[in-house]
Amino acid sequence: MNEWIIETKGLSKRYKGRYAVSNLNLKIAKGDIYGFLGPNGAGKTTTIRMLLGLIKPSNGSVNIFGKALNKERLSILRRVGSLVEYPSYYGHLSATDNLEAIRRIIEAPKSRISEVLSIVGLAKEARRPVKGFSLGMKQRLGIASALLGNPELLMLDEPTNGLDPSGILEIRELIKQMPKQHGITVLISSHLLSEVELTAGTVGIIRQGELVFQDTIANLHQQAQGSMSLVVSDPEQAHITLRQHGIESVHRGKTLLLEQTSDHTVARIVRTLVERKHDIYRVEEKRKTLEELFLQIVGEGTQL
Amino acid sequence: MMFKALSSDFLKIRGKGIWFLIFLGPLGIIAMQALNYGLRYDYLTQRYAGRLWETLLADIQMFVPISLFLGVTLVSSLLAHIEHQTNAWKQLLALPISRNAVFFSKFAISFLLLTLSCMVLAIGVAALGLSLRFGMETMPIGSILRLSFLPFAASLPALALFLWLCMLLKNQAVPITLGVLAAIGSVFTSLISGTLSKMLPLNWPMFGYIGPRQELFVAAGFAAGCVICLMGTLHFIKKDVN
Ligand SMILES: Nc1ncnc2c1ncn2[C@@H]1O[C@H](COP(=O)(O)OP(=O)(O)O)[C@@H](O)[C@H]1O
Ligand SMILES: [Mg+2]
């Protein structure tokens with residue numbers, strides 16, 4: 001299974017009898033941007049901690065770069081950059097020294113420090129003690145730390161928390177460049193779909209510790225395709241007529257609801273009904289936005 | 001791998017007051033005796049004529065164990081605090097470095113810093129005695145070195161224990177309170193006589209200098225320090241990092 005950069009099997013974490021993460025089977029492909037979505041408390045941070053070996057899974061396994069995390073943690077981590085939850089930093093040190101403290105451990109070249117600082121737009125603030133930084137600047141420093149070792153895999157846990165809209169946009173652009181320019185695989189978690197909608201190739205949606213959706217963003221769009229609603233004179237009869245033509249529908253009051261929305265099918269439906277002398281008053285398409293779909297998935301827990 | 005962590009740790013302690021503390025301890029002890037001898041110079045030099053150095057060392061010896069326990073506690077706590085403050089553990093331990101190395105590095109840096117304290121004490125004692133004109137020829141270099149380093153060796157169990165506690169607990173009030181209690185307690189336990197007194201680790205730093213059989217206490221200190229350090233490491237590698 002070497003095609004997956006990250007693959008988990010049955011990954012679970014139990015805290016005092018309650019599962020914070022339960023039976024997670026993540027599959028993240030090389031060069032992909034994987035949006036890991038879920039509301040607060042869904043288990044995103046817990047999962048990422050397990051992926052980094054910070055906490056031990058109660059059950060299940062993690063494979064990264066095709067190697068077992070519990071056997072080859074250090075050689076895996078050498079190729080991973082990460083930012084977990086709110087940023088950690090040494091407040092009394094400057095941004096440069098914060099990165100230097102990490103650099104001495106991962107042994108990146110010294111020149112890399114100013115490189116990553118300018119990537120995240122902190123070059124001008126490099127010499128100031130970090131405790132005086134705004135939350136957004138600390139967040140950028142966290143991202144700079146993650147990039148320091150030239151990672152092949154980047155795990156960012158809610159990296160745009162605390163950033164202003166322009167900062168969010170910048171980070172989004174930055175993340176979008178990663179796979180293109182450097183072939184980096186990115187796992188990025190968020191509680192907002194809009195955060196990853198424009199960057200991610202694949203999304204995984206976690207709700208109360210369980211993965212309830214995992215597919216490409218294109219397929220999520222597919223799921224989001226709405227339904228047709230037809231208001232007709234005799235919905236009951238129309239329902240039967242359509243069924244005879246192999247088209248399923250649901251009728252509510254004067255309205256018929258149909259899942260199929262392709263031009264071809266809609267044309268066939270209308271033609272059939274008109275030929276059978278039904279009056280058609282309205283033909284409407286109801287489109288769910290991705291956000292609505294996301295809220296529906298995480299809210300009601302509809303299994304897709 | 002530990003050297004990488006150690007080099008990183010030396011960078012992190014900058015501007016945290018640890019270096020200040022390392023010099024403050026021994027220089028404080030020296031300053032107290034400088035005051036003592038400065039104020040009562042004629043009386044003391046007459047009364048203890050012929051064994052001036054020995055008297056000075058005995059006066060200083062009383063303060064070494066308590067200073068060591070305080071020093072061990074504060075250095076451990078400051079070191080751990082650097083990582084606890086913004087929960088930098090999660091960032092540090094997600095780096096390609098073994099948890100062993102991280103733990104040993106903290107132990108090594110506190111050991112090196114406190115050894116430096118001991119060196120400052122040795123130099124300070126010699127400088128004080130000389131400036132009080134106790135005479136270079138009679139200077140007991142061996143005793144000065146024993147006084148400065150052996151009690152520290154005998155207090156390694158405390159270092160290992162407090163470092164572990166400080167790294168384990170986010171709230172540093174607990175280990176600091178325990179450390180201060182141990183330091184003050186060591187003054188009282190030193191008054192106990194008999195074999196019980198020698199069994200008490202709080203007294204090992206004292207016996208490490210005054211003996212008899214200093215080497216036993218120093219060896220026991222090293223051994224217990226290693227055992228506790230090992231237990232701390234074993235716990236630290238298993239621990240969940242939140
Ligand atoms: N150390 C812990 N002890 C007990 N419960 C925890 C611990 N860490 C996380 N949890 C619980 O696990 C669930 C998932 O938390 P988390 O992974 O932080 O969610 P997210 O990052 O998606 O917001 C939450 O209900 C949280 O309360
Ligand atoms: Mg979280």
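**Close-up views of a predicted two-chain model**

**View 1. A salt bridge within chain A.** A:Arg79 and A:Glu152 form a salt bridge, with their closest N and O atoms 2.9 Å apart. The pair links distant parts of the chain, 73 residues apart: A:Arg79 sits in the loop between helix 2 (73-77) and strand 7 (80-83), and A:Glu152 in the loop between helix 5 (135-147) and strand 8 (153-157). A salt bridge here is a side-chain nitrogen of Lys or Arg within 4 Å of a carboxyl oxygen of Asp or Glu; helices (H or I, at least four residues) and strands (E, at least two) are DSSP runs, numbered from the N terminus. A:Arg79 is partly exposed at 26% relative accessible area, and A:Glu152 is partly exposed at 33%. Buried means under 20% relative accessible area, exposed over 50%, and partly exposed in between (1.4 Å probe, protein chains only). This is a predicted model, in which local features need pLDDT of at least 70 and side-chain atom pairs count only at pLDDT 80 or more, while totals for chains, interfaces and linings use all residues. Residues are numbered from 1 along each chain as its sequence is written, chains are lettered from A in the order in which they are written, and side-chain values use heavy atoms, leaving out hydrogens and water.

**View 2. A:Glu125 and A:Arg128.** The side chains of these two residues meet in a salt bridge of 3.1 Å, N to O. A:Glu125 is partly exposed, at 26% relative accessible area, and so is A:Arg128, at 36%. Elsewhere, A:Glu100, A:Arg103, A:Arg104 and A:Lys110 are joined into one network by salt bridges that share partners.

View 3. A:Asn98 belongs to helix 3 (residues 95-106) of chain A. A:Asn98 counts as buried because its relative accessibility is 4%. Apart from neighbours within four places in sequence, A:Asn98 is in contact (heavy atoms within 4.5 Å) with A:Tyr89, A:Tyr90, A:Leu93, A:Val130 and A:Leu141.

**View 4. Salt bridges between the chains.** Three salt bridges are counted between chain B and chain A. One of them pairs A:Glu107 with B:Lys4, the closest N and O atoms being 3.7 Å apart. A:Asp97 forms a salt bridge with B:Arg14, also with closest N and O atoms 3.7 Å apart. This pair runs from helix 3 of chain A to the loop between helix 1 and helix 2 (18-39) of chain B. B:Arg14 is partly exposed, with 41% relative accessible area.

**View 5. The interface as a whole.** In chain B, 31 residues are in contact with 30 residues of chain A.
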